[in-house]
Amino acid sequence: MEEERHADAKIRAETGTGSSPRGPGCSLRHFACEQNLLSRPDGSASFLQGDTSVLAGVYGPAEVKVSKEIFNKATLEVILRPKIGLPGVAEKSRERLIRNTCEAAVLGTLHPRTSITVVLQVVSDAGSLLACCLNAACIALVDAGVPMRALFCGVTCALDSDGSLVLDPTSKQEKLQQCLAAAQAASQHIFRFYRESLQRRYSKS
Amino acid sequence: MAEAVSVAAESFAGGRARGARSVLGQVVLPGEELLLPEQEDAEGPGGAGERPLSLNAGARSRVRVICGPGLRRCGDRLLVTKCGRLRHKEPGGGGGGGGVYWVDSQQKRYVPVKGDHVIGIVTAKSGDIFKVDVGGSEPASLSYLSFEGATKRNRPNVQVGDLIYGQFVVANKDMEPEMVCIDSCGRANGMGVIGQDGLLFKVTLGLIRKLLAPDCEIIQEVGKLYPLEIVFGMNGRIWVKAKTIQQTLILANILEACEHMTSDQRKQIFSRLAES
């Protein structure tokens, strides 16, 4: 299964995020990725979605401190660094979300008492940052050769702030379903792109 | 176009599994499920048209297939866990089952495997055991008695910082890896402390496997350039030594760059070096 069941669409009700308004079922912004660009981490990737760009590095399976080791699976750590300033509470909550997603996808039981660290650096932010971080983390984990049971990706949806509709819960629910459907359809584009870029990488050897 | 259509169909059908035989040599992604080719019972001695009656008529017998690196068994299918090209090798015995399937992936991080020959760096000496860094998640332990001709009174001359070429006798996910520098007969067989001078550098695991393949052109061409000593560790480390420091550095650069060059570019560089 290519889609990760628990996290196949990340939805956030955003009003006025700055991204151009788009109708449901339409294409995502232009995206690109580069793999193995850093020499020190075991796996690295840079993911671009329009103007949003995130750089990810993965170290692992590596040594872990005795206080943090788990006896039957790998300890997964995610560090998200914003473009400017020190990491704050928003970064911590995003780190937790990304960590839960990665833990569901990575086969941690194959490497007990080790640590897998994902370091994400925001290079530029122009909307849908969390989705870009998730995509960069996934490609970096694949690049590092960490065994995974599925791939995952993120797509951000926005709800229109229409005064009359917000008051009615059922139509608001409906809008949510439309968002889910649109995000699921769009995630297929991203998975197809993963496949193409990984095939391009292996076509040289 | 056909490729795009097949990808769409696979994802809309909720991850329809493909047959393993149909994807040999292609890039597979983590999360894909592969179907094994099913084989029917062999014809019985009764002659053409007769088949021995099986008690469970519904089930067909399956051959025993070995799951290599990058694959895991998931029900009666294979689940791909790493990205790479799918490979298959027929059984050599002729009747020993369905062969081996594995995924050829590229990675930098080494995970200890029993029987692998690796180059390690001695980091600590505690009592009777040396701690050797092999590039994995834990340092491996090496007993001082695991050298050729070593006894309790005749200890090997190993210092912290020495390079060791040995093989793993214990390497699984639950235990600390242990290595030795003798084979099962008690002979060194090339293993032990690696001598003075030379240069140790790190490459990806895929390049090491390529260089250690039976008929590798790169090694033959490199051997024709300069006389050299070379040791390959399956953990991505190569130790090389030539007559002068300059030659050693040239060899190290060539081997590191080999990964990204096509064979034509390589031949050009070798011919240019052979002239100078």
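Colleague: How many residues does the contact take from chain B and from chain A?

Modeller: Keep in mind that this is a predicted model. Residues count as touching when their heavy atoms come within 4.5 Å. By that rule, the contact takes 35 residues from chain B and 37 residues from chain A.

Colleague: Which three residues supply 20% of the area that chain B buries against chain A?

Modeller: Let's start with the whole interface: about 3100 Å² is buried between chain B and chain A, and carbon and sulfur atoms give 52% of that area. On the chain B side, three residues supply more than any other three. They are B:Gln106, B:Lys108 and B:Arg109.

Colleague: Nice! Which residue of chain B meets the side chain of A:Arg113 in a salt bridge?

Modeller: Across the interface of chain B and chain A there are three salt bridges. For such a bridge, a side-chain nitrogen of Lys or Arg has to be within 4 Å of a carboxyl oxygen of Asp or Glu. A:Arg113 takes part in one with an N to O distance of 3.4 Å, and its partner is B:Glu138.

Colleague: Which element gives the largest share of the side of chain B that touches chain A?

Modeller: The interface also holds 14 residue pairs in polar contact. On the chain B side, helix 1 (2–12), strand 6 (77–80) and strand 7 (84–89) each supply at least two residues. The largest share is five residues, and they come from helix 1 of chain B.

Colleague: Let's look at one residue. Is A:Pro61 buried or exposed?

Modeller: A:Pro61 sits in strand 3 (residues 52–62) of chain A. Its relative accessible area is 8%. Because buried means under 20%, A:Pro61 is buried.

Colleague: Which residues of chain B does A:Pro61 touch?

Modeller: Within chain A, its contacts include A:His111, A:Thr114 and A:Ile116. The C-alpha atoms of A:Pro61 and A:Ile116 are separated by 5.2 Å, although the two are 55 residues apart along the chain. From chain B, A:Pro61 touches B:Arg109 and B:Ser137.

Colleague: What distance separates the centres of domain 1 and domain 2 of chain B?

Modeller: In the domain assignment, domain 1 of chain B has two pieces, 18–40 + 63–104, while domain 2 covers 116–193 and domain 3 covers 199–275. Taken over C-alpha atoms, the centres of domain 1 and domain 2 are separated by 34 Å.

Colleague: How far apart do the end C-alpha atoms of residues 198–245 of chain B lie?

Modeller: An unreviewed UniProt entry lists this span as "domain: K Homology". The span is 35% helix and 31% strand. Its end C-alpha atoms lie apart by 8 Å.

Technical notes. Residues are numbered from 1 along each chain as its sequence is written. Chains are lettered from A and ligands numbered from 1 in the order in which they are written. This is a predicted model: local features need pLDDT of at least 70, side-chain atom pairs count only at pLDDT 80 or more; totals for chains, interfaces and linings use all residues. Side-chain values use heavy atoms; hydrogens and water are left out. UniProt positions are given in the numbering used here, feature names are shortened, and annotations may be inferred rather than shown by experiment. Helices (H or I, at least four residues) and strands (E, at least two) are DSSP runs, numbered from the N terminus. Buried means under 20% relative accessible area, exposed over 50%, partly exposed in between (1.4 Å probe, protein chains only). Domain bounds come from an automatic or database domain assignment. Buried area is the accessible area (1.4 Å probe) that two parts lose on being put together, summed over both. A polar contact is a pair of N or O atoms within 3.5 Å; within protein, one must be able to donate a hydrogen and the other to accept it, and residues adjacent in sequence count only if both atoms are side-chain atoms. Lists of a residue's contacts leave out its neighbours within four places in sequence.
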